[in-house]
Amino acid sequence: MSFIGDFIELFDKNDDFSIGLFGPNGIGKTTLIAAMIEEFKAFSRDAERKNSLRLKLKGADENTNRKLSTRINDLKSGIGMGVFTTGTLTATAEHEEYKLKFEVEGRFDKNFIMHDFPGEWLNNPGKLEQLDVASWNVCILPVDACVIMECHERRYEQKMRVNLGIAQIEEFVSDWLSKRGSNPGLFIIAPVKCESYFDKPAVSLLASDKSLLLFNKVRECYKGVLDTVKDKKNIKGLYMPVNTVGCCYLKKPSWTKDGEFMGEFAISPMKGNNNWRPFGPVYIMFAICQFIRHCFNNGKYLSSRVEAFCRAVDTLEKLVDERDTEQRYERTIILQ
Amino acid sequence: MSSSIAKQINDILEARKSRVPQLEELLRKCDPAEMPLRNAAASLKELADNSPEKPILVDACREYVGAIEKFQEKLATLKNDVFIARQRFLRGTVNIGFAGTKGTGKSFLLQKLSGLTDNEVPSAEGMPVTAVRSVIMNSEENRAHIAFFTSAGFLAERIAPFCNKLGLDEPATLDAFRSLSLPERCERDEEDIYRQKLTEYRDNLAAYEELLGTGERIFDLKDLRQYVSYTIPNMGRPGGEKVYNWLAVKSALIKCTFPRSDVGRLQLIDLPGLGELDPSLEKRHTDNFKELLDLCLYIRRPAGLRMDWDQEAQKALDTLSESCPAGKPSDFIVMVINAGGCKTDMAEIMERETREKMGVRYKILKAESSDSEGLSHEVLSKALQQLADVLPQNDQALAAELFERYTHLKKQVKDFVDDAKRILRKEGQDDTLDEVIWEKAKNAQEAFAEKSGEILEDLALKAFEKKEEPQELLDALDEIENSLRSYLENGMDEETHEEWIKKAVRSRAKDRNFDRFKTDTFNHMRVHIAKEFSASLNSIYRMYVERCQAQAVATFNDKEVLNGLLPEDKPARALKRLVEYMDQCRDSVESMRRAVSELIDLKIDHDTQFYPRVYEPIRVLKNAVEEHVELEGSSHEERARSLYTLLADLGTATVSDIRGLLIQEVRSHLYNILYVAFERFDDALIRSRESDKEWRRFFQSYHLDIVKNGGKASAALVLNKAFKQLDALGESLL
């Protein structure tokens, strides 16, 4: 039995460990998935070289690998053009499953799946029902930091809430929580496109710390969602803002008459600053690993594979703590 | 004896100086009345023009305006006289003038008393020899200070009087004078003499023209004569050679050591022109006597004159008497019979005749000696004794007379003000009962409170609840953003983007790096961005303030409040008119006035009120200048392009950040500022301790305009203004 298999058997009755990302069109769900996986791969490669960590993440099938590389290539070619605008990347057309597997101490474990689906489904309850949300061990809610931070005008506020699908998200999260029942779950609210609001790492010469303002605005905007999650003892809640591209910053925010946000992002022409360099997505993966370890420890269930996984996560934590200040991720806020 | 003359002169001068502060105080007392006199006259004229239906009031106003004009004249004359007296008392010398017709030996006397000779100041038998009014001062300097006319001064002072006598146009320039056309002769002898003289001056212009406009110059005494005399000695010509330099001379101050050096601070003044046929000297003869002279010696000599006291002598005495600066003419004028150079018996006859006619009143001296010592004794000592006897009391009398005139004028003005106010009150004021007016005031105040309360509610909604950002602000911000974007995309401070690249590459070649060019561009960009926001937004804030003021005007003009009293004008102007009404209220409405003034002065300023609150992006941009950047690119030009992109992107991001912050700040604070300002205004007008009383006072002053005229006429305003100005006039001479 694999450790994930152990986990599923212990805490869940599903076939796979599922991570679902929920959010409207264009918010950056696919990009976040790609960044989480690629950054984790890069980190574990580096860690393996320097240390004895043997926790690897791989695409479990050819389709997953192809989709990931397509998304990353799209991103990189966007960066190469020197400017990014909202909607540059191709939107997801149908429900996509990214099948992944961990390799712990040389042995591959069972698949776990990341669910991505078209943002339009937010307004299509029929389609949403097709999703087996009860099986989602982790629910990630990507939030567009730019949309929230740059909405200064009252006339766009209501439209912004509509475009962000806040009402549908509240309903969806509520549905997920009720379907999870007493099973453990991890809820992560992850503001993306945060490059302009943190001074570490400094993405542009104008970098300044607006992180508290961002947190307050997200909390205000998603108050309904957070209230729904609050007090669910089996659900762990985290706030984890990330830079999904890393080398661009918001140059000019603008809004269409319909209240749709149109961001124009500048890619810095400074040497070494113009490469895809996400910051934070890997920590979401770490958080998921820590969540799994936490569940095992609470359940006192320790097979040799689980023990190996827990050891790997411990080492991972150690390595993260040893990172340089510039690379250290100190943005997580524990919601509950 | 001799030392006592110098001492007496010194004592006189010191006593005079001690009176100067009193005169200066009197001058200061006169000054404040000028403006109230003007204002009162203007108000009364306005009242007369504004009250055609009240003929008695109109007539009274016109009469009062005439009276004020007379006060103005009196005040001006008094001030002038005080000023002259002050100058006289400030003078550091005692001045004795020498007057007399030609050939009386005036110049001879001056020579002897001053120690000058023919070489400096001529004297000649029976001829006019000095052409310039010279002041001869006892001094060891022994030089002459000569002031020359400017061209304009020369034409006005020397030439114009002749032209006037001959009925010719005055030449405006020297060239016009040079080509001035003169008649070949005039019928009347006197005019023909003028014509001859003017012709002579014109034809000899070249001889003295270059002296004009040379200012004041200092000469040795040996060079003096050619500037003050009609002639200079010429061995070939009896009587000397004619010169014309004197025409260019405005004044001459001759400093020389008098034979009697003990006379101290003494000046002798040669006064040419008495009886001379020269219109340019007529006025100058007695000009400034009051300021300049303490004593005038009227010199007479029988040679060439009738020995008895004839009409000509009386005329000359009258001319001198008219210019007597203080006291009696007999204190000021001392007659001198010059017996030198004539037969003794003739001089005796003249002395006897003069003593018979004038001896009772005037002091008469006789000059018989031909040397300095003798003449000093016969003339100067006695003249100075006369001065010592009369000058102190005359100075005192002069000062007392000026104070008396001031007191009298003050009383006249006060009586006038009381009388004018009484008539204006009787003929012009509203006769409505106080109780009726008070009721109207109360109703108006309540109506105002109701309407201004609605305005406040609306502002409160915008300030504290709705918090909608004003559309005009968003439009202005869009415009600013577009303008700045265009600036950032099109070469910033250069003509084009390519021009910027070219300059950057050139600068890099010189400095070996882009640092200086980058820093300069950064700074220019920062300043440009800040300026663009400031320039455009102030007009937006002003518009909101004006709207607020317009609402206040509309509230005041409501039928139930001031019934259209304020003009349909820009709001600030209409409110200023209201302040004017308040200023002219019969009793103070200071709280109301202050409230309205504050609303007029309300200003929302970007640079001081909003810019500091949205400064953060600018600060961040400023800090970014310090950062070292390594640019992408394989050539200098490519790196310059990268630098441009970097700077333009940073500028765009900064503009966006400022825009976002401004929207929030303005949304929060613009209506807050307006709300607070309007609430203060509203409180002062409705809820202050003084407000009820002041509304009543305002209505008492303007009931006529508000209720009877429906704000269409300003009779009460004009009447109140007249009252105010009369009050101010009454107080101005206290």
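Author: Chain A, in this predicted model, has 11 helices and 11 strands. Of its 336 residues, 56% count as buried.

Reader: What makes a residue of chain A count as buried?

Author: The cut-off is under 20% relative accessible area, so the 56% of chain A called buried fall below that mark. The accessible surface of chain A is about 14,200 Å², and carbon and sulfur atoms hold 46% of that.

Reader: How do you know that chain B touches chain A, and how many residues take part?

Author: Contact means heavy atoms within 4.5 Å, and by that test 31 residues of chain B are in contact with 22 residues of chain A. The area buried between the two chains is about 2,400 Å², with 55% from carbon and sulfur atoms. B:Arg485, B:Glu632 and B:Asp649 supply 21% of what chain B buries against chain A, more than any other three residues.

Reader: Why is the pairing of B:Arg485 with A:Glu264 called a salt bridge?

Author: The rule asks for a side-chain nitrogen of Lys or Arg within 4 Å of a carboxyl oxygen of Asp or Glu. Here the N to O distance is 2.9 Å, so the pair qualifies. Between chain B and chain A the count is 5 salt bridges, and there are 9 residue pairs in polar contact, both at pLDDT 80 or more.

Reader: Which elements of chain B give two or more residues to that side?

Author: They are helices H17 (471-489), H23 (616-626) and H24 (636-687) of chain B. H24(B) gives the largest share, 15 residues. By type, the side of chain B that touches chain A splits into 13 charged, 10 nonpolar and 8 polar residues.

How values were computed
Residues numbered from 1 in each chain as written. Chains lettered and ligands numbered in written order. Predicted model: local features only at pLDDT ≥ 70, side-chain atom pairs only at ≥ 80, totals over all residues. Heavy atoms only, no water. Buried area = accessible area lost by both parts, 1.4 Å probe. Polar contact = N/O pair within 3.5 Å; in protein donor to acceptor, adjacent residues only side chain to side chain. Helix = DSSP H or I, 4+ residues; strand = E, 2+ residues; numbered from the N terminus. Nonpolar A, V, L, I, M, F, W, Y, C, P; charged D, E, K, R; others polar. Buried < 20%, exposed > 50% of the residue type's maximum accessible area, 1.4 Å probe, protein only. Areas by Shrake-Rupley, 256 points an atom, 1.4 Å probe, with all protein chains shown as cover.
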